[in-house]
Structure formats: structure tokens, C-alpha cells
Amino acid sequence: MSAEDTRKVAELLKDQRFGFLTTTTPEGKLTSRPMTLQEVEFDGDLWFFAERGSHPVEHIRAAPQVNVGVGSGGTWVSLTGRASVVEDVAKKKELWNGGVEAWFPQGPEDTSVVLLRVEGDSAEYWDSPGGRLATAFSFVKAKATGERIDAGENEKVDL
């Protein structure tokens, strides 16, 4: 895995606001929920805020292997990794913003507010230059010519 691959994944994730965090329930079922991305670090780590007693926190404590899916326009990323619950007040303050406060009015120092850190192991991304319009055009062209759609770049990356 090269630093260039990691940079590409971080670049695709950096402007994303939301991700679907998939965890495993105690019964072994996969479940996903939208979460607001707080920070994307260059090394493949993602950060989210959560309530201490919430399902995602309970699931991660029991089974830390997770997936985060993001996508908009012509870019999609599926990142797998290990999640952990972080109770670092300084990190909570660093990431705190008005959007977080709307969900957690109790503030960053309250012990009911925790961070979820996802350390990325690997990612797969699809990047269609030009976004939705270019993807739609490629689809129409493929239908007209009978050739496979040019959906852009698709890579699997170890982080």
C-alpha cells in the first residue's frame, strides 16, 4: 500500500459529510446507520460522535470490525476497519462544532458523549470523473454502442 493510495482515499473522503456506519448486532446481523463524519485523517482514520449507550457503541464494543460507506455524485468509497470508543475530552473539543452541538447539546465534556474512531484497514473506491452527468452520459453511450460502460476508476487499497 503506497502513501499515494492512502492520499487518494483521504482525498475522496475529505469533502464527504455523511457516511453509513455498518456494525454487527449481538445476534450477528449487519446494521447500518447514517453518521456525520467529523474528521478524515490522512492515515485512513475516520471520526464520529455518538451517545455512550447507543447501539453503535454497544455493537463496536462487542465486535469492532466495521464498514463505512460514503458516496455522492460520481464518487463512492467503502472503507473497512476496526472501530473503538474514544473518551478523550481534548479530542472531543478539537472536533466539536455547531452541527455536533445540535445533536449533543450537553457539550463535549459530558461523559455521555463519546467518539468513535474507525481505523481503516482497506478501502475500495469508485471515482467517475465529471460526476453524475459523466456517468449518465457513459451509460447512454454504452447502451447505444453495446460496449461496457466506462464508469471511471475503481481500486482496492490496503490502508
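**Figure 1. The largest pocket has a volume of about 370 Å³.** This is a predicted model: local features need pLDDT of at least 70 and side-chain atom pairs count only at pLDDT 80 or more, while totals for chains, interfaces and linings use all residues. Residues are numbered from 1 along each chain as its sequence is written, and side-chain values use heavy atoms, with hydrogens and water left out. The pocket is lined by 18 residues, and the closest to its centre are M35, T36, F49, W103 and F104. Elements giving two or more residues to this lining are β2 (30-36), β4 (45-51) and α4 (98-103). By class, ten lining residues are nonpolar, five polar and three charged. (A pocket is an open set of points on a 1 Å grid over the protein atoms alone, where a 1.4 Å probe fits, with protein on both sides within 12 Å along at least five of seven lines; lining residues have an atom within 4 Å of a point. Volume is the space filled by probe spheres set on the points. Ala, Val, Leu, Ile, Met, Phe, Trp, Tyr, Cys and Pro count as nonpolar, Asp, Glu, Lys and Arg as charged, and the others, Gly among them, as polar.)

**Figure 2. The protein chain has five helices and eight strands.** From the N terminus on, the order is α-β-β-β-β-α-β-β-α-α-β-α-β. (Helices, H or I with at least four residues, and strands, E with at least two, are DSSP runs numbered from the N terminus.) Of the 159 residues in the chain, 38% are buried. (Buried means under 20% relative accessible area, exposed over 50%, and partly exposed in between, with a 1.4 Å probe and protein chains only.)

**Figure 3. Helix α1 covers residues 3-14.**

**Figure 4. Strand β1 (residues 18-24) pairs with β2 in the antiparallel sense.** Seven bridges link β1 and β2. (Two strands pair if DSSP finds at least two bridges between them.) F18 stands opposite T36 in β2. β1 and β2 form a hairpin, with five residues between them. In the turn, G28 has a positive phi of about 90 degrees. β1 also runs antiparallel to strand β5 (residues 65-72), joined by three bridges. Here L21 faces V68 in β5.

**Figure 5. Strand β7 (residues 113-127) is joined to β4 by seven bridges.** β4 and β7 run antiparallel. W47 stands opposite R117 in β7. β7 is also antiparallel to β6, through twelve bridges.

**Figure 6. S84 lies in strand β6 (residues 75-86).** S84 counts as partly exposed because its relative accessibility is 27%. S84 and W47 are 37 residues apart in sequence. In space, S84 and W47 are 9.9 Å apart, C-alpha to C-alpha.

**Figure 7. S54 sits in the loop between β4 and α2 (55-62).** Is S54 buried or exposed? S54 is buried, with a relative accessible area of 18%. Its side chain reaches the backbone oxygen of E51 at 2.8 Å.

Notes
A polar contact is a pair of N or O atoms within 3.5 Å; within protein, one must be able to donate a hydrogen and the other to accept it, and residues adjacent in sequence count only if both atoms are side-chain atoms. The expected span of a helix is 1.5 Å times one less than its number of residues.
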